[in-house]
Amino acid sequence: MGRFIAQRILHAIFAMFVITVVIFGTVRLSGDPARMMISDEAPHEQYLEMRRLLLLDRPIPEQYWRWVSQAAQGDFGTSLRYQIPVSELVSTRLPATLELAVAAYGFTLLLGLTIGVYSAAFRGSALDAGARLLAVMGQAAPNFWLGIMLVLVFAVWLNWLPSGGRGEWRHLVLPAITLGWGPVAGLMRITRSSMIEVLSSDYVRLARVKGVGETSVLWKHAFKNGALPILTFASLVFLGLIRGSVIVETVFFWPGIGLLVLEGVNNRDFQLVQAIILLFSSWVIFGNLLVDILYVYLNPKIKH
Amino acid sequence: MSEEPRSPNADSSHLLEVTDLHVEFQTKTGPSRAVDGVSFYVDEGESLGIVGESGCGKSVTAMGILRLIASTGRIASGSVRLDGEELTELSNSQMRAIRGKKISMIMQDPMTALNPTFTIGYQVGEAMKIHEGVRGKSLLGRVLQLLRLVNIPAAERRVRDYPDQFSGGMRQRIAGAIGISTTPQVLICDEPTTALDVTIQAQYLELLKEVQEQTGVALVFITHDMGIVARMCERVAVMYAGRVVESGTTREVFRNPAHPYTISLLRCLPRLEGVERLESIDGQPPDPREMPPGCRFAPRCPKAQQQCHEAYPEFAPVSSGHHASCFFPGGW
Ligand SMILES: Nc1ncnc2c1ncn2[C@@H]1O[C@H](COP(=O)(O)OP(=O)(O)O)[C@@H](O)[C@H]1O
Ligand code: SF4
Ligand SMILES: [Mg+2]
């Protein structure tokens, strides 16, 4: 078990190295930030001065090393656009993104687990068929489209909920549903198939023989056994939600990291973009690492 | 009948009485009558053997009694009376209150019958918690008592262990402890020793007998092994293709078997000296979706005549308390 975890940690470190190189390279290849910072008529000396200021005149490996070692200490440089430290900018925007992701995740779990469990319990029923239809629809609809439709119906036509921005809970409803909708189908299907297998087992039958109530049979005896693949999938879903937040934040003008990175790209604010992509990537890599460790910890077969 | 006051054995002289039970499954290739008119009874302190080859409908009968047929199936007709109460007419919650309390079951495979994610202490105690409201220290005390009764060594330490930390024989004894935890009136044992080796099997049967002597529980003992019937049961019902084809006291059925299927099963028994060649019955029981029109055993019966393929033989008395459905009862 310790060996397995050590191996996973090494993988994660290696993945981080590759990611930093890729991010660094892509940003450098996509254009000259120094040129963007000054007007076209400015003299060549001013351009060189700007390059020096941004350390772009140093050898590439040195630039990379400075960036990585400073990032490791939480220093991501200064935003070219806002002229404040990137770390400060990110940390003011992070709570909004987390709030959205957590709300969306709650929506995904509630819907995905409940529908999954009950469509397994009532396999072949109208509920099961309806759930399958829902799953197909959920996966076919891209979330920007869903977001726009929700705004149209609930904000523009019915005028029940605001169409964008952040504030009270009402602002959170539409973006959370938009973001959380996509993975509902997947979670539902994993839950359903996992539960169907468990529900036909002898020990679930024995629970019924003992007179255990149906809710307890489903959520206690059966779910605990089906939970391993479900939990693994559910953790990956959360990682995915952070990524999906870029689009959803854009649709709803939700002032989180996603919106920030979009602004950064438009402004060629390369320090900012580098930092946020790095943040997203390390989130996914270390998230995966955590999922792996969780999986080992929960799986009695690996543990013993 | 529902207006009548419920008193023990109000309408029936037997503890458990199954009458003309039919269970039907919907399958892709049509309806399947897995249990097609089964009747038997069992009284307090008694053991009834239900014997037959695999696929004859024994487990489905047991699940029918408990009303735990898979969702693709249903009890099509028939009656199950327990202690004077008609189980087929109870609501789901009334039925839940009976399951695990008045009637319980031990399943065939000890490796799959216990939940891998709960401690055995929890699993042994659960029915007592549900039906008797026992909690905390006194629950633990009862669990330990049961585990000792079924000979689990170091019970105090092992209550917190998970099923995969026990051997097959121990797991089956734990399943037995669960079955008797609420001192039910009827305990259905569905081939509880099939997965065990011979010595452990003998110990297990002994244990069940002891429990029966102490509690007076009625045992419905499902098996395909006539040897176990001889050892455990006062009476026996032989099942073939979803029906009871012969029933009577074990002594009478063994001494004077009437149905050729029973005779064939008895010939599969090893003789005491263990030297004689074991016979087995050629062929297999019919698929419940394609039952032969006449006697269901006819395709495999050495005595079958034209008549046997055309009509089903009535379940008729052979001698006092001994019935069989065969046109030409007796050996060949
Ligand atoms: N859930 C089910 N759906 C369809 N057929 C079933 C189902 N369960 C059992 N059967 C059929 O019922 C018949 C009797 O099965 P069973 O009672 O398990 O036999 P056994 O006597 O070995 O316990 C078999 O032909 C089996 O295929
Ligand atoms: S009725 Fe005929 S076929 Fe059926 S068991 Fe008797 S002799 Fe055999
Ligand atoms: Mg069976």
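Residues are numbered from 1 along each chain as its sequence is written, and chains are lettered from A in the order in which they are written. In this predicted model, local features need pLDDT of at least 70, side-chain atom pairs count only at pLDDT 80 or more, and totals for chains, interfaces and linings use all residues, while side-chain values use heavy atoms, with hydrogens and water left out.

Me: How many helices and strands does the secondary structure of chain B come to?
Reply: Helices (H or I, at least four residues) and strands (E, at least two) are DSSP runs, numbered from the N terminus. On that basis, chain B has 11 helices and 12 strands.

Me: Why is chain B as compact as a globular protein of that length?
Reply: The radius of gyration is taken over C-alpha atoms, and the globule rule is 2.2 Å times the number of residues to the power 0.38. For 332 residues the rule gives 20 Å, and chain B is close to this, so it is as compact as such a globular protein, with a radius of gyration of 21 Å.

Me: What percentage of the residues of chain B count as buried?
Reply: Buried means under 20% relative accessible area (1.4 Å probe, protein chains only). Of the 332 residues of chain B, the buried share is 54%.

Me: Which residue in S12(B) is the bridge partner of Pro317(B)?
Reply: Strands pair if DSSP finds at least two bridges between them. Strands S11 (residues 316–319) and S12 (residues 322–324) of chain B run antiparallel and are joined by three bridges. In S12(B), the partner of Pro317(B) is His323(B).

Methods:
Buried means under 20% relative accessible area, exposed over 50%, partly exposed in between (1.4 Å probe, protein chains only).
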